[in-house]
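Hi there,

Here is the structure I promised to pass on. My notes on a few of its helices follow below.

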Amino acid sequence: MATQQPAIRPANPRFSSGPCAKPPTFDVSKLANAALGRSHRAAIGKDKLKAAIENTREILGIPADYKIGIVPASDTGAVEMSLWSLLGQRKVEMLAWESFGAGWVTDVVKQLKIDAEVKTADYGQIVDLASVDFNNDVVFTWNGTTAGVRVPNGDWIADDRDGLTICDATSAAFAMDLPWDKLDVTTFSWQKVLGGEGAHGMLILSPRAVERLESYTPAWPLPKIFRMTKGGKLIEGIFTGATINTPSMLAVEDYLFGLDWAKSVGGLQGLIARADANAQAVFDFCDANDWIANLAEDDATRSNTSVCLKFNDARIQDGAKFAKAVAKRLEAENIALDIGAYRDAPAGLRIWCGGTVETADVQAMLPWLAWAFEAEIAAQSVAA
């Protein structure tokens, strides 16, 4: 029984799936040039917001004719703006295989009251992507943060589609290759892969999405915070740094730092390589231990950021209680913080493996996970 504590500890125990670990070189002094106490509409504020947009474009390889906006309310705000502003012109297909995707289904079906075709899959699985009809508008998450399941690539998305693709990419952007020609609306938040601060979302629109905005008016009223057009034309300022509401300039500075750090590690491909290495360490651990497994049932769809795990040992009497006890034990030792499964997900663990996490910390944490597992098995036996 591996009950003796390992000798090596992670240098950074932060494996939360959001807000995620800051880049390894982060220090609060790096934010000294933030435009604090200044208007975001002053020249300094506009310049920083524009730099955030253009550096995002550069690192992610977003086409020049796509619009990039900084919007309020994190990824949720960006998705909601898209759903309320764009849907209703044609039939909608909703694809969901985890809690956030299910949340978008609720918004579309129960709030907007659109008669959508809903396709769902259980946690650990994914819907039949070959069955999707791209004559419809299609809403999906690229990477299911709470299930650790992602679409394997963009090959399933039709090039000659008539509908729009609306993609929640909040745990995918900066960690996975997103095929921009396949995506008409893409959203993400700062607090995920680059470890930025919360409350700000990114909204990326293809020319097809802009055309829809300028030619279609939804049947329902739009709150001011969702409005992207005026007089039938896109409000261009939103996509050049004139945000809908007041942004945190401290958070903007933090995002700019994260973007600069991303460039220093090789840009998008460097970030993907870091996430892949982190996730592979966890995958290898699962392969070597039959008491734990990836929640994703197909290797082709397992996430390289929000890696979700389930316990398989027949000795476990209460799966939810056991998983929480393991996570609590690791937190008490300052080995792994905030790694419990999402509240709506199956019992287990969720380990963030995005690029801001160091592979050495993942490798140092995993023997402790084995220790915590054995310790809880022993404690369960004593309690019985």
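Helix 3 (residues 99-111) has 13 residues and should span 18 Å at 1.5 Å a residue, which agrees with the 17 Å between its end C-alpha atoms. The expected span is 1.5 Å times one less than the number of residues. Helices here are DSSP runs (H or I, at least four residues) and strands likewise (E, at least two), numbered from the N terminus.

This is a predicted model, in which local features need pLDDT of at least 70 and side-chain atom pairs pLDDT 80 or more, while totals for chains, interfaces and linings use all residues. Residues are numbered from 1 along each chain as its sequence is written, and side-chain values use heavy atoms, with hydrogens and water left out.

Back to helix 3: its buried residues (under 20% relative accessible area, 1.4 Å probe, protein chains only) are Ser99, Gly101, Trp104, Val105, Asp107 and Val108. Their cover includes helix 2 (74-86) and strand 2 (92-96), by contacts of heavy atoms within 4.5 Å. After the helix comes Lys113, with a positive phi near 60°.

Now the pairs. The axes (lines fitted to C-alpha atoms over the stretch in contact, with angles from 0 to 180 degrees between N-to-C directions) of helix 6 (residues 267-288) and helix 8 (residues 359-383) come within 9 Å and cross at roughly 20°. These two helices are therefore roughly parallel, a term for angles under 35 degrees. Residues meeting there include Arg274 and Phe285 in helix 6, and Thr359 and Leu366 in helix 8.

Helix 1 (residues 43-60) packs against helix 5 (residues 249-264) at about 35°, with axes 10 Å apart.

Best wishes

Definitions and conventions. Buried < 20%, exposed > 50% of the residue type's maximum accessible area, 1.4 Å probe, protein only. Parallel < 35°, antiparallel > 145°, perpendicular 65-115°, else oblique.
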